[in-house]
Amino acid sequence: MMSKQYEMVIGLEVHVELATKTKIFCSCSTAFGGAPNTHTCPVCTGMPGSLPVLNKQVVEYAMAVGLATNCEITRCNKFDRKNYFYPDNPQNYQISQLYLPICRNGSVEIQTENGTKSIGIHEIHMEEDAGKLIHDEWGDCSLVDFNRSGVPLIEIVSEPDMRSAEEVIAYLDKLRMTIQYLGASDCKLQEGSMRADVNISVREAGTTKLGTRTEMKNLNSFRAIARAIENEKNRQIDLIESGEKVIQETRRWDDTKEYSYAMRSKEDAQDYRYFPEPDLVPVVINDEWIAEVKSRQPELREAKLARYKEEYGLPDYDADIITGSKRMADIFEAATAICGKPKKVSNWLMVETMRLLKEHAMEPEDITFSPKNLAKLVELADAGTINSTVAKEVFEKIFDEDIDPDEYVQENGLKTVNDEGELRTVIGQVVKDNPQSVEDYHNGKEKAIGFLVGQTMKAMKGKANPAMVNQILKELL
Amino acid sequence: MANIISDETIEYVGILAKLELSEEEKIRAKKDMGDMLDYIDKLNELDTAGVEPMSHVFPVNNVFREDIVVNGDDSEQMLKNAPEVKDKSYVVPRTVD
């Protein structure tokens, strides 16, 4: 039925909660998960007569993100009031930046199947978050917790440069990685410290005029974003094909039902009556300040990736996985600095660490073991003090409890037995006890030796040096 | 009075401000708003070519706080401002997106 070819035009508004200790305009804690209203004061609950004072760290994080995304930094900044009534907004206005956002005209590069693509960043502005509404299932009321009210946000507004769900995911991943590396936010979609609103329109392929767009909200995972985009594309194409019109509106995605519904229609479109915030003085940024923030910029992912290959000789695959998480990269570098064996450290991270993370349904950010203990384990295994089976067992202990492997191996008597005399006695006994296997071996059944190695290991409680066992066995046979 | 505020405008402004005005109040509000716009028109007669738009009345900028938690848990005191409290939260009419 679909005769025409369509393309999507997608732009994103991404809100990121900044990792400051205090709120944007008052000295209340931003800690997540406190009892309701325990992190509030007259400023963040909008009491008459209270006055906001800007948190300097917010400006510096916003600048850092802007510089890392190739934006121009606005020299003279001011804040504006966005007026609307909603119970999670105690002042009846949100302090935001409309006329002079702190960052403008940036871009980031993403990798697509057709190569590198640049996604424009229209602007980044600073603003405050709203409180949280909890709907009381029993009483006919809602409850407001203002702990989140006044938590600093940056809103990153892209240009409508994306054409597919894959490009949207690549762009979000790029932003998340950059901001995590800067330490400006932990960017967790599930916990809401990173939120993406997606603006979508479709048009006939080859045309340049933009179609009517809709804005999709409530997207809490990369999977939900991809699904919502595909769903909305099909909905809009169906409307157009059946001769109806796409209405400009905000829609809310329900990921369990895989369906979106209209939140507000054009009839009651918001009129925010922005005006300059008179309670805050302008923020003037000079070259020195920009240079200072720039000089503190840590190594970002692309640079790290290149350096891991260059400096440590890691394969592409290893470098890509390890730099895929700031936490993983930090552990890798610290452990490598101690033991000087990058590829060995990388193997422990890529194989056993990844396996255990998956098993425990954890994220790399949740890792608790210290690089020092991983480095010690690498040394123990590399020196042959413990064999690989024992090493895996010790690593699980490190992963779970961050034990000191030197002490643990000592206390539990896990050292590999390299004593040739002792090994010869044990192997001699194994050979004597298993005449059938010995005969099989002599009759050309190479595999029989595996059984004898296994019996020896069993007798040695897994602590024998496997190379020596093989060598002695072959001698005795 | 040069500026005439229409019935639609006063209705719309009332909706935005969440105000319900009586007929009498609407007449007064229309006159007040008209006067204000007249005053703005008067200001617009000034030649402001080459004058930077003012963003604040004081010639001060860069007033900051350091990022240090100073406020503790003052929820008991804060919640005294609430008309009604439940589960340490402010009770408001049921609100759903």
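Mentor: Start with pairing: two strands pair if DSSP finds at least two bridges between them. Helices (H or I, at least four residues) and strands (E, at least two) are DSSP runs, numbered from the N terminus. This is a predicted model, where local features need pLDDT of at least 70 and side-chain atom pairs count only at pLDDT 80 or more, while totals for chains, interfaces and linings use all residues. Residues are numbered from 1 along each chain as its sequence is written, with chains lettered from A and ligands numbered from 1 in the order in which they are written.

Trainee: Which residue is the bridge partner of Glu215(A) in S14(A)?
Mentor: Thr250(A). Strand S13 (residues 214–217) of chain A runs parallel to S14(A), with three bridges between them.

Trainee: Where do the side chains of S14 (residues 250–254) of chain A point?
Mentor: In a regular strand they alternate between the two faces of the sheet. Here Arg251(A) and Trp253(A) share one face and are buried (20 or more other C-beta atoms within 10 Å of a residue's own, C-beta atoms being placed from the backbone).

Trainee: Is helix H1 (residues 7–16) of chain B largely in the open or buried?
Mentor: Largely in the open, because zero of its 10 residues are buried. Just after H1(B), Lys18(B) has a positive phi of about 55°.

Key: Buried ≥ 20, exposed ≤ 12 C-beta atoms within 10 Å, placed from the backbone.
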